[in-house]
Each structure stands twice: as C-alpha cells, then as structure tokens.
Amino acid sequence: MKQTKKLTLIAVVTAAILILPFLLPNAYIIQIVNMIGIYAIVGSGVNILTGYTGQLSLGQAAFYGIGAYTTALLNTKLGCPFFVVLPVSVLVTAVFGVVLAIPALKVRGSYLALLTIGFGEIVRMVLVNWIDLTNGPAGVVGIKAPDLFGFKFDTLFRYYYLIAFFVFIGIMYQKWLMKSRTGRAFMAIRDDDKVAELTGINITTFKIRAFVLSAVYSAVAGVLYAMMIHYVSPDSFTSNDSNMFLWTAIMGGMGTTIGPVIGAVIMNILPEALRFLGDWRMVVYGVILLTVIIRYPGGITPYAKKLIGYVQAKFDGKDR
C-alpha cells in the first residue's frame with residue numbers, strides 16, 4: 001500500500017512537470033520557471049558543500065560564472081556544440097573547485113567564508129579586466145542554443161525540458177550520494193570533523209570532493225544559463241548572486257534533497273510577486289526572508305514534511 005502511494009505520487013509529480021509549460025501564460029513566466037531550475041541546480045551544489053559537509057561557501061557565483069564563460073567562449077569562438085561545451089565546462093570548473101578546496105582545508109568558520117568571498121571577487125575581476133578573452137564588462141554575445149541530435153532547444157518552452165532533465169539528474173544523484181559511503185563521510189565531517197578523522201575518514205579527500213561536486217553542479221547551471229540567455233557578462237556573477245544561491249539552500253532546508261528546489265521557487269517567485277510594491281519591493285522581500293529563517297530555522301522542507309505527514313495520518317485515520 002505504501003509503495004503504491006509512492007508510485008502514484010511519482011507519477012502525478014512527473015505528469016505535472018511535463019504539462020507545466022503548456023499551462024504557463026507567456027514566455028516571461030516560462031523564463032522565470034527556467035531560472036528556478038537553474039537556481040535549484042546551483043542550490044543543490046551549495047547543499048552538498050554546506051548543508052551536508054558543513055563547509056560554508058559565499059563564492060558559488062564564481063563556479064557558476066566559470067561554467068558560463070567557458071561555455072560562451074567555446075561556443076562563440078570555436079563553434080563547439082552542447083555535447084562538447086558541457087563536459088569541458090564541467091572539467092574546467094572542477095579544476096577550480098580543487099584550487100579553492102586546497103587553501104580552504106586550512107581554515108574554517110568565518111575565515112572559510114572570507115576565503116570563498118575573495119575567490120568569487122578574484123574571478124569576477126578577471127572577467128571584468130581580461131578584455132582580450134572575456135570582452136570585459138561588455139560580456140560575450142551570440143551564444144547559440146543547444147542542438148541535440150538535430151533538435152534545437154531554441155525557445156524557452158523547449159529549453160524548459162532540458163533544464164528539467166538536469167534538475168532531475170542532479171536530485172537523483174544527490175539522493176544516491178547521501179546514501180553512499182561518500183555521503184555518510186560528508187555528514188560525519190559536518191557533525192564533527194575531528195571525530196570523523198578519528199574514525200578513519202580522510203577529511204582532506206572528502207572535503208575536496210565536496211568542493212568539486214559543488215563546482216560541478218554550478219558549472220552545469222552556468223552552461224544552461226549561458227545557452228538560454230545567449231549572453232554572459234560579469235554582472236551576472238557577483239557576490240550578491242552567491243548570497244542568493246546560499247539563501248536558496250537555506251530557505252528550502254540545508255541537508256535535504258528537495259530543499260534547494262523549494263528554495264529556488266521561493267527566491268525566484270517572491271521578488272516577482274512583490275513587484276507591485278515598487279521601490280519597497282526589496283525591503284519587504286528581505287523582511288519576509290528574515291521572518292521565514294527566524295520562524296523556520298531549518299528551512300521550509302522539514303516543516304512541510306511534518307505537515308504532510310500530519311495530514312496523511314489524519315486521512316489514513318479517517319479511512320479506517
């Protein structure tokens with residue numbers, strides 16, 4: 001009976017995801033939904049690094065930007081297709097993940113946060129000032145849409161399904177990862193890295209893995225963003241964006257698989273819903289975020305699960 005309910009829920013959610021674009025009124029709303037997917041992917045990377053491993057990162061926009069710019073340069077200068085730019089962008093960003101992880105092993109807490117902020121600013125300044133490569137503040141234009149087996153994702157409607165695919169893969173991999181030895185090691189390091197080391201866990205290796213995995217998630221999101229917008233510039237990869245990605249994971253619920261998706265929905269829809277407030281929009285937005293964090297310190301997901309469990313228990317009780 002329990003398995004049947006689970007399969008029914010999966011079928012309903014899958015059907016809802018597949019038909020969602022047909023229910024959206026215009027391209028602007030579809031783009032917001034696409035950005036929710038992109039935020040969910042980056043948020044999942046933050047969740048692995050911070051939520052599961054306990055390594056605070058405030059420079060995630062750097063990995064996001066490296067992935068996006070690698071895509072932009074390969075696509076516009078060399079004409080590389082999606083099948084080439086995706087693995088290359090992921091590989092390049094993963095290397096930078098290792099570059100950041102090595103000094104990050106020597107610090108923790110606020111010093112780790114400052115280190116990741118500094119890394120993000122270094123990457124942004126390189127994007128701004130290396131004009132011969134990145135075209136500086138003007139950015140890179142003319143990025144072509146993905147073309148897979150002759151099918152072009154050249155509209156936001158079509159692109160939705162490509163993003164949804166990677167969101168699904170990202171969630172499923174994260175779910176599997178947290179049940180594996182690596183995931184258990186991550187959580188042990190988060191809870192107490194000294195105790196974890198005493199039990200035989202090589203914390204150096206696993207911390208580097210966490211940084212690399214976080215970078216890979218952000219790189220995939222950067223690739224999808226660049227090929228959807230067809231343009232990248234340093235303004236899209238600032239410290240404010242890093243904060244937004246961290247808030248995405250926090251709002252949904254750190255250390256939960258579905259949390260980054262819920263956080264991405266909140267972080268993208270809430271500002272749009274408050275547009276009618278004009279100049280006061282961001283003030284109200286900030287107050288709402290702070291209120292949610294104070295009221296639900298573990299994020300929305302744990303409390304939503306409790307509510308669903310309560311409703312389900314009541315429903316099952318009535319059935320009897």
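User: What makes F82 count as buried in this model?

Analyst: In this predicted model, F82 has a relative accessible area of 4%, and because buried means under 20%, F82 is called buried.

User: Why is the pair of F82 and F166 called edge-to-face?

Analyst: The ring centres of F82 and F166 lie 6.2 Å apart, with 70° between the planes. Rings pair if their centres lie within 6.5 Å, and planes over 60 degrees apart count as edge-to-face, so F82 and F166 form an edge-to-face aromatic pair. F82 belongs to helix α4 (residues 82–104) and F166 to helix α7 (residues 156–179), and the pair therefore ties together parts that are 84 residues apart in sequence.

User: How do you know whether F166 and F165 are buried, partly exposed or exposed?

Analyst: The relative accessible area of F166 is 15%, and since the limit for buried is under 20%, F166 is buried. For F165 the value is 47%, which falls between the 20% limit for buried and the 50% limit for exposed, so F165 is partly exposed.

User: What makes the rings of F165 and F166 an edge-to-face pair?

Analyst: Their centres are 5.3 Å apart and their planes stand at 80°, so the pair meets both the 6.5 Å limit on centres and the requirement of over 60 degrees between planes. By this rule the count comes to 16 aromatic pairs, and one aromatic cluster is formed by Y39, Y64, Y69, Y225, F237 and F245.

User: Why is the space lined by L58, G59 and A61, among others, called a cavity?

Analyst: A cavity is a set of points where a 1.4 Å probe fits but cannot get out. The count comes to one cavity of 30 Å³ or more, and the largest cavity holds about 40 Å³ of space. Its lining also includes I117, E121, F237 and S242, and helix α5 (110–129) and α11 are the elements that give two or more residues to that lining. The contribution of α5 is the highest, at three residues, and the lining divides into four nonpolar, five polar and one charged.

User: What lines the second largest pocket, and which element gives the most to it?

Analyst: The second largest pocket has a volume of about 660 Å³. Of its 26 lining residues, M35, Y39, D241, M244 and N268 are the closest to its centre. The element that gives the most to this lining is α11, with six residues, and the lining residues divide into 15 nonpolar, six polar and five charged.

Terms used
Residues are numbered from 1 along each chain as its sequence is written. This is a predicted model: local features need pLDDT of at least 70, side-chain atom pairs count only at pLDDT 80 or more; totals for chains, interfaces and linings use all residues. Side-chain values use heavy atoms; hydrogens and water are left out. On a 1 Å grid over the protein atoms alone, a cavity is a set of points where a 1.4 Å probe fits but cannot get out, and a pocket is an open set with protein on both sides within 12 Å along at least five of seven lines; lining residues have an atom within 4 Å of a point. Grid points are joined across faces, edges and corners, and a volume is the space filled by probe spheres set on the points. Helices (H or I, at least four residues) and strands (E, at least two) are DSSP runs, numbered from the N terminus. Ala, Val, Leu, Ile, Met, Phe, Trp, Tyr, Cys and Pro count as nonpolar, Asp, Glu, Lys and Arg as charged, and the others, Gly among them, as polar. Rings of Phe, Tyr and Trp (its six-membered ring) pair if their centres lie within 6.5 Å; planes under 30 degrees apart count as stacked, over 60 as edge-to-face and the rest as tilted. Buried means under 20% relative accessible area, exposed over 50%, partly exposed in between (1.4 Å probe, protein chains only).
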